[in-house]
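Please consult the sequence and the structure shown below while reading.

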Amino acid sequence: MTIQREIDWQKLSEIHELKAFFETDFDAFKAEIQEHIIEFSQFPQDSLDKFAKLRVLEVTNGVTQWAFRRKDKECLSVEETRKCMNLVMGFMKNVELYFPSEGLIQFNQVEKDFINLGRTLYKDAFKNNVPGKEKEYYGASTAQFIVYGHRRMSVAMDLVKKDYESLFSSYYIERGRKYMAPYLESFREIN
C-alpha cells in the first residue's frame, strides 16, 4: 500500500536547519527534497523499517554528541559519550544493527549501498566541507523523515528507548524525539 503525504512546505521551511536553504531558493530546495522522496519511496517496507531504526539511532547519537561538544550541563561523561558514539559508529561501519530485544538486523547489498552513500554525503557535508553537500544532506535527511513516516519513526524511537535508554539516558532519548518532531509535524499521511 502506497501512503500519500501532504507536506506543509511552509512549516518545513521554518525548521532551523532548513531555513537558509529555503530562503536561498525555496523551489530548488523543495524540488531536491521531492527527488529524494521519490528515490527513497522505491525501497520495500521492510527496508524502510530498518532504515528508520538506524536513523533514530543516528539522531539520538547526534544530539548526545552535540551536547557534549557544547559542554551542555546535562551532557554525558566522556566515557558515556564515547560509548554512544562507538555503538552507532560500529553499526554504521559494519552496516548492521543490534537491538537486544530484536537481535541482529542485517542489510542486503542494495540497503548497504544506500547507507554508505548517506555516510559519504554526511562526511562530504560536514567533514570535507564540499560545496553544496550540506544542502543535499539536509534535503535527503528531510526526505527520510517523510518517507519513513510517523508510525515507523515512533516504533523505531520506542525500540531505541527500550533497548538503549540506559546508554543514551532518558534525557537524550527525549532530545532526539524533540529534534525529529518538527520534521514529523510538517506532513500528514493520507491513506
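## Strand pairing

Strands, like helices, are DSSP runs numbered from the N terminus (strands: E, at least two residues; helices: H or I, at least four). Strand β2 covers residues 96-99 and strand β3 residues 103-106; the two pair in the antiparallel sense over four bridges, where pairing requires that DSSP finds at least two bridges between the strands. Within this arrangement, Glu96 stands opposite Gln106 in β3.

## Basis of the model

The model is predicted: local features need pLDDT of at least 70, side-chain atom pairs count only at pLDDT 80 or more, and totals for chains, interfaces and linings use all residues. Residues are numbered from 1 along each chain as its sequence is written, and side-chain values use heavy atoms, with hydrogens and water left out.

## Aromatic pairs

Rings of Phe, Tyr and Trp (its six-membered ring) pair if their centres lie within 6.5 Å; planes under 30 degrees apart count as stacked, over 60 as edge-to-face and the rest as tilted. By this rule the count comes to 20 aromatic pairs. The pair of Phe22 and Phe29 is edge-to-face because the ring centres are 4.8 Å apart and the planes stand at 80°. Both Phe22 and Phe29 are buried, a class defined as under 20% relative accessible area, with exposed over 50% and partly exposed in between (1.4 Å probe, protein chains only). Ring pairs link Phe22 and Phe29 into a cluster with Phe21, Phe26, Tyr122, Phe126, Tyr137 and Tyr138.

Which residues have a relative accessibility of 32% and of 1%? Tyr171 is partly exposed, at 32%, whereas Tyr172 is buried, at 1%.

## Charge over a ring

Arg69 lies over the face of Trp66, at 5.1 Å from the ring centre. The criterion is that NZ of Lys or CZ of Arg is within 6 Å of the ring centre and within 35 degrees of the ring normal.

Thr64 belongs to helix α4 (residues 45-70) and is buried, with a relative accessible area of 0%. Leaving aside residues up to four places away in sequence, Thr64 touches Leu76, Cys84, Phe168 and Tyr172, contact meaning heavy atoms within 4.5 Å.

Glu23 lies in helix α2 (residues 16-24) and is exposed, with a relative accessible area of 63%. Its C-alpha atom is separated by 8.0 Å from that of Ser13, 10 residues apart along the chain.
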